[in-house]
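Please read them with the structure open.

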Amino acid sequence: GDYDIVRLSWERCGINYTYDIDFDADGKKVIDESSVNNLKLFANIWGLFRRNTQVLFNEFLKNGEDSLFVIENFVKSKSRKMLLMNYPFYHYTVVLKSASDMLESDRFWAHQKFLKQVLCLKEFFPKIDFLVKKHEYTDYFALMCYMIDEKKDCVDGMNIKSVENHIRKLRKFGAQYDSFVMEVKYFLYRFRFVSIYKFLKHIQKWVVK
């Protein structure tokens, strides 16, 4: 097929990982402009890329730099097609002090910086705006839960009220789209999901024993 990007599943610590999609019977899946519904489809850099887009790797990002590289290659490619293969040809090595070891608030801001970089591609791919807002919603919701769980009224100059207001604005934006899956999290929040979250965290200590 005419693909500019071919990407693979991966193995980490003896466990095989893949993309959260329904592969075809042959373990392959073609992603084009119409079928991109989540930025997680660009979640890693592992695979093959044609040298026809002149995209440079952004070394200044500390979170999402791999995804940004894949997204830029996708939206600037001729075919706007990407082949995903459900074969763990890539073996991932765990690196200490990586982005996954960051504090929740640090990870939040690093990811927001990545999303702003992605939005710069909107002129090539307008759909990116919608995909970014879905991820923003998830980020802010997770940050709110973190602040409540850690009893923090303010994180890096942002108080919990401003976080809640941002969540409401994003929910209002998403309400006009049937595919805005994160809408569900808003309703969980409205119906005191946060209280349930705190309770589960509290009983976790003695439930696990």
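1. In this predicted model, Glu 33 and Arg 80 are joined by a salt bridge between their side chains, with N and O 2.7 Å apart. Glu 33 sits in the loop that runs from strand S3 (28-32) to strand S4 (47-49), and Arg 80 sits in the loop from helix H1 (65-75) to strand S5 (81-92), so the pair ties together parts that are 47 residues apart in sequence. The two partners fall into separate classes of accessibility: Glu 33 is partly exposed at 36%, whereas Arg 80 is buried, its relative accessible area being 13%.

2. How many salt bridges does the count come to? The total is four. Side chains of opposite charge can pair when their charged atoms come close. Another of these pairs is Lys 76 with Glu 72, at 3.4 Å from N to O. Here Lys 76 is partly exposed, with 33% relative accessible area, and Glu 72 is buried at 15%. The threshold for buried is under 20%, so Glu 72 falls below it with its 15%.

3. A further salt bridge links Asp 129 and Lys 133, whose closest N and O atoms are 3.0 Å apart. Both residues belong to helix H3 (residues 128-149), and because they are four residues apart, about one helical turn separates them. Lys 133 is partly exposed, with a relative accessible area of 21%.

4. Helix H1 deserves a point of its own. Of its 11 residues, nine are buried, which leaves H1 mostly covered. The buried residues of H1 are Ser 67, Leu 68, Phe 69, Val 70, Ile 71, Glu 72, Asn 73, Phe 74 and Val 75.

5. What is the angle between H1 and helix H2 (residues 104-119) where they pack? The angle is about 10°, and the axes lie 10 Å apart. H1 is therefore roughly parallel to H2, since angles under 35 degrees count as such. On the H1 side the contact is made by Ser 67, Leu 68 and Ile 71, and on the H2 side by Phe 114, Gln 117 and Val 118. Sorted by class, the residues of this contact are four nonpolar, two polar and no charged.

6. In soluble globular proteins, nonpolar side chains tend to be buried together. The largest nonpolar core of this model has 28 residues, and the members that touch the most others are Leu 39, Phe 42, Ile 71, Phe 74, Met 82 and Ile 128. Strand S1 (5-12), H1, S5, H2 and H3 are the elements that give two or more residues to this core. Which element supplies the largest share? H1 does, with five residues.

7. Leaving aside residues up to four places away in sequence, Phe 74 touches Ile 5, Ile 31, Asp 32, Glu 33, Val 36, Phe 42, Arg 80, Lys 81, Met 82 and Phe 125. Glu 33 and Arg 80, the salt-bridge pair of the opening point, are among these neighbours of Phe 74. A second, separate core has 16 residues, including Tyr 137, Leu 143, Ile 160 and Val 163.

8. For the protein as a whole, there are six helices and seven strands. Their order from the N terminus is β-β-β-β-α-β-α-α-β-β-α-α-α. The protein has 209 residues, of which 41% count as buried. Among contacts with a separation of 6 or more, 71% come from residues 24 or more positions apart.

9. Most residues other than glycine have a negative phi. Lys 151, which is not a glycine, has a positive phi near 55°. Lys 151 is placed in the loop between H3 and strand S6 (154-155) and is exposed, with 73% relative accessible area. Asp 156, also not a glycine, has a positive phi of about 50°. Asp 156 is found in the loop between S6 and strand S7 (158-159) and counts as exposed at 52%.

Technical notes
Residues are numbered from 1 along each chain as its sequence is written. This is a predicted model: local features need pLDDT of at least 70, side-chain atom pairs count only at pLDDT 80 or more; totals for chains, interfaces and linings use all residues. Side-chain values use heavy atoms; hydrogens and water are left out. Buried means under 20% relative accessible area, exposed over 50%, partly exposed in between (1.4 Å probe, protein chains only). Axes are lines fitted to C-alpha atoms, for helices over the stretch in contact, and angles run from 0 to 180 degrees between N-to-C directions. Angles under 35 degrees count as roughly parallel, over 145 as roughly antiparallel, 65 to 115 as roughly perpendicular and the rest as oblique. Contact means heavy atoms within 4.5 Å. Ala, Val, Leu, Ile, Met, Phe, Trp, Tyr, Cys and Pro count as nonpolar, Asp, Glu, Lys and Arg as charged, and the others, Gly among them, as polar. A nonpolar core is a set of buried Ala, Val, Leu, Ile, Met, Phe, Trp, Tyr and Cys residues joined through side-chain atoms within 4.5 Å.
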